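Thank you all for coming. I would like to walk you through one structure this morning, and I will go through a few side chains in turn.

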Amino acid sequence: MSGCAWYGYTSHVQVCPYTGRRKFVALSTEQVQRISEDELERILEEKEKTIVPNDKPDYKQVADIANKILKANRDVPEIFGKSWTIYVVNESDENAFVLPNGHIFVFRGMMDFCSDSDGQLSEDKLAIILGHEMAHAILGHTAEKLSLTNLIEACLLIPMAVIWAFIPSDGIAFITHWFIKKAVDIFVELPFSREMETEADTFGLELTAKACYDVREAPAIWMVKDLLDEAGSILINCTKDEDEAKILEEYKTLESYLSTHPGHDDRYKQLQNIMEAALAIRKECGCPELYQESDPCMGANQARKWWDMNKDALVKQEIEAKQKRKLQNKGIALHLPQKEEVLQKQEPSKKE
């Protein structure tokens with residue numbers, strides 16, 4: 001039996017032609033297609049009122065970027081046979097994703113994140129985001145995740161069923177179901193999702209480089225996200241009580257460990273390590289030269305320096321504002337009973 005299981009596993013192991021990573025994929029192309037269509041139908045029904053018409057400027061901007069990436073990567077066989085369709089969602093979420101069959105969703109919030117203070121969209125930034133999400137679809141990450149999840153669940157189901165057979169109760173059934181879910185999350189979802197995210201970062205950068213976008217935006221994006229997260233966390237912590245701040249910090253550490261995505265700083269470093277190769281791809285494709293003075297990372301570094309220089313002053317300002325609010329609240333609490341007492345003393349005189 002174990003021999004059959006091993007054969008079933010090894011017969012579905014594939015090697016990614018672009019990264020060389022070995023992966024277990026048990027779903028067929030037709031099965032993935034059906035799953036994708038069902039998911040598309042669900043999303044379109046849910047977002048029906050916020051889908052932007054294809055004659056609007058937002059749609060055209062996203063379509064131009066996606067088409068440029070696709071045309072520049074016609075040497076990638078997996079691009080063909082997918083229904084590359086674009087949907088722009090007028091919602092504030094900083095989100096974008098691509099279904100396995102090529103349906104691209106970009107939210108207005110993500111476009112805002114990729115825009116400057118004047119609202120001008122940076123095509124290079126959005127191209128980095130789209131390249132990453134398209135890489136997930138091209139590399140078949142959804143099929144791989146579903147296959148791994150089903151495999152682990154099947155392996156755990158037998159011992160859990162034996163336990164339930166000897167101790168049949170609703171409580172045991174609930175615990176075994178919870179255990180299987182947690183095991184899948186920790187042993188499959190977390191490490192493999194991180195590995196897939198890193199793979200999508202690498203391959204997505206290659207897709208974007210071949211389309212002649214400024215690939216230096218990739219590490220800059222994660223530098224800025226890391227800075228925004230740090231600044232937000234510190235400023236929130238300084239307005240909380242000491243115990244609350246400690247709990248929040250512990251939660252943030254746990255959240256980082258249990259995240260299915262690599263940390264912002266880790267992604268920045270990883271993207272910097274492959275930047276030279278990505279720039280070489282741009283050069284091979286005859287793309288316009290990029291100049292050092294226009295490097296987006298310079299702006300991100302300046303923002304980091306400004307934050308480091310002004311962090312203490314901003315924290316002090318937030319703490320003083322918190323103390324002021326506390327004093328104001330105490331003043332109101334003391335004032336109201338005094339006023340009520342005066343009214344109560346005046347009532348007898350009115351009756352007389």
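Let me begin with a definition: a charge sits over a ring if NZ of Lys or CZ of Arg is within 6 Å of the ring centre and within 35 degrees of the ring normal. By that rule, the charged end of K225 sits over the ring of F113, at 4.4 Å from its centre, and K68 lies over the face of Y213, 4.5 Å from the ring centre.

A word of caution before I go on. This is a predicted model, in which local features need pLDDT of at least 70 and side-chain atom pairs count only at pLDDT 80 or more, while totals for chains, interfaces and linings use all residues. Residues are numbered from 1 along each chain as its sequence is written, and side-chain values use heavy atoms, with hydrogens and water left out.

Now to the cysteines. How many disulfides are there, if a disulfide is a pair of cysteine sulfur atoms within 2.5 Å? The count comes to one, and this disulfide joins C212 to C287, with 1.9 Å from S to S. Because C212 lies in the loop between α7 and α8 and C287 in the loop between α11 (275-284) and α12 (296-351), the pair ties together parts that are 75 residues apart in sequence; helices here are DSSP runs of H or I with at least four residues, strands are runs of E with at least two, and both are numbered from the N terminus. C287 is buried at 11% relative accessibility, whereas C212, at 25%, is partly exposed, where buried means under 20% relative accessible area, exposed over 50% and partly exposed in between, with a 1.4 Å probe and protein chains only.

Leaving aside residues up to four places away in sequence, R216 touches several residues, among them M275, D295 and C297, contact meaning heavy atoms within 4.5 Å. C297 is itself buried, with a relative accessible area of 6%.

Finally, Y87, F97, F105 and F107 form one aromatic cluster, in which rings of Phe, Tyr and Trp (its six-membered ring) pair if their centres lie within 6.5 Å, with planes under 30 degrees apart counted as stacked, over 60 as edge-to-face and the rest as tilted.

Technical notes
A disulfide is a pair of cysteine sulfur atoms within 2.5 Å.
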